[in-house]
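Thanks for coming, everyone. Let me put the sequence and the model on the screen, and then we'll walk through it.

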Amino acid sequence: MKKILSFAVAFILLLSCFCGMNSTVFAAGKSVLSFSKNKLEVGDEVTVTVKINADETIYAVEFALNYDPAILQFVSGDDCSGGAGVVNVAAGNTSSSTTKTYTFKALKSGSCYISTSGMGCVNENDEVISVPNQGASMTVKGKEKSGNA
């Protein structure tokens, strides 16, 4: 019985060594999404900041910033393109952290959820740095102006 148990343990260890040789190790990072203010009035602008940190140098970052275009209008931002609900971000970087800012204008009353998706970073060896997506809500208050005096 001891021989069978020893053989089984040795086989499992040997198998785990061979399986581990082909595994890809991902470095970890973290991200934070924040607003310059959480409660807005119609017509106000808000700055959305996305900060990414890693244990190693980030050489490129890519993600999408999603929002409700009925509530917010994209005004401007760092290394991005898009609008109508999605701002696509792609940027180079040469440090272990990066901060990107985006400005939106409040169009009408309501609650809006802003989130990142497809968050990805790479290091100098083109290896993926795993970074979680983030999201948060904000509230816009006030009445839309009709345009009639």
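Which residues is I114 in contact with, leaving aside its neighbours within four places in sequence? Contact here means heavy atoms within 4.5 Å. The partners of I114 are L33, F35, V48, L65, N66, Y67, L72, Q134, G135, A136 and M138. Keep that residue in mind.

First, the ground rules. This is a predicted model: local features need pLDDT of at least 70, side-chain atom pairs count only at pLDDT 80 or more, and totals for chains, interfaces and linings use all residues. Residues are numbered from 1 along each chain as its sequence is written, and side-chain values use heavy atoms, with hydrogens and water left out.

Now, confidence. pLDDT is the predictor's confidence in each residue, from 0 to 100. The protein has a mean pLDDT of 82, and 77% of its residues reach 70 or more. Confidence is highest in β4, at 95. It is lowest in helix α1, residues 2-20, at a mean of 41. Over residues 4-25 the pLDDT is below 50. That stretch has zero contacts in the model beyond near neighbours in sequence. Where pLDDT is low, the predicted coordinates should not be read in detail.

Next, the layout. Along the sequence, the pattern is α-β-β-β-β-β-β-β-β-β. Take contacts between residues at least 6 apart in sequence: 73% of them join residues at least 24 apart.

The protein exposes about 9200 Å², and carbon and sulfur atoms supply 54% of that. Accessible areas come from the Shrake-Rupley method with a 1.4 Å probe; for residues, only the protein chains shown count as cover. Of the 149 residues, 28% are buried. Buried means under 20% relative accessible area, exposed over 50%, and partly exposed in between, with a 1.4 Å probe and protein chains only.

So what sits in the core? The largest nonpolar core has 30 residues. A nonpolar core is a set of buried Ala, Val, Leu, Ile, Met, Phe, Trp, Tyr and Cys residues joined through side-chain atoms within 4.5 Å. I114 is back here: I52, L65, L72, F104 and I114 have the most contacts inside this core. Strands β1 (27-35), β3 (45-66), β4 (72-77), β6 (86-106), β7 (110-122) and β9 (135-141) each supply at least two of its residues. The largest share, nine residues, comes from β3. In soluble globular proteins, nonpolar side chains tend to be buried together.

Is K100 buried or exposed? K100, in strand β6, is buried, with a relative accessible area of 8%. Its side chain makes a polar contact of 2.8 Å with that of D79. A polar contact is a pair of N or O atoms within 3.5 Å; within protein, one must be able to donate a hydrogen and the other to accept it, and residues adjacent in sequence count only if both atoms are side-chain atoms. Beyond four places in sequence, K100 touches V48, T49, V50, D78, D79 and A91.

K105 also lies in β6. K105 is partly exposed, at 34% relative accessibility. K105 and V46 are 59 residues apart in sequence, yet 6.4 Å apart in space, C-alpha to C-alpha.

Over to β7, for G110. G110 counts as partly exposed, at 23%. Its C-alpha is 6.7 Å from that of K141, 31 residues away along the chain.

Last, the turns. β5 (residues 80-83) and β6 run antiparallel, joined by four bridges. Two strands pair if DSSP finds at least two bridges between them. One of these bridges links G83 to V86 in β6. The two strands form a hairpin with two residues between them. A84, in that turn, has a positive phi of about 55°. A84 is exposed, at 74%.

D126 is another non-glycine with a positive phi, about 60°. D126 is in the loop between β7 and β8 (128-130), and counts as exposed at 65%. Most residues other than glycine have a negative phi.
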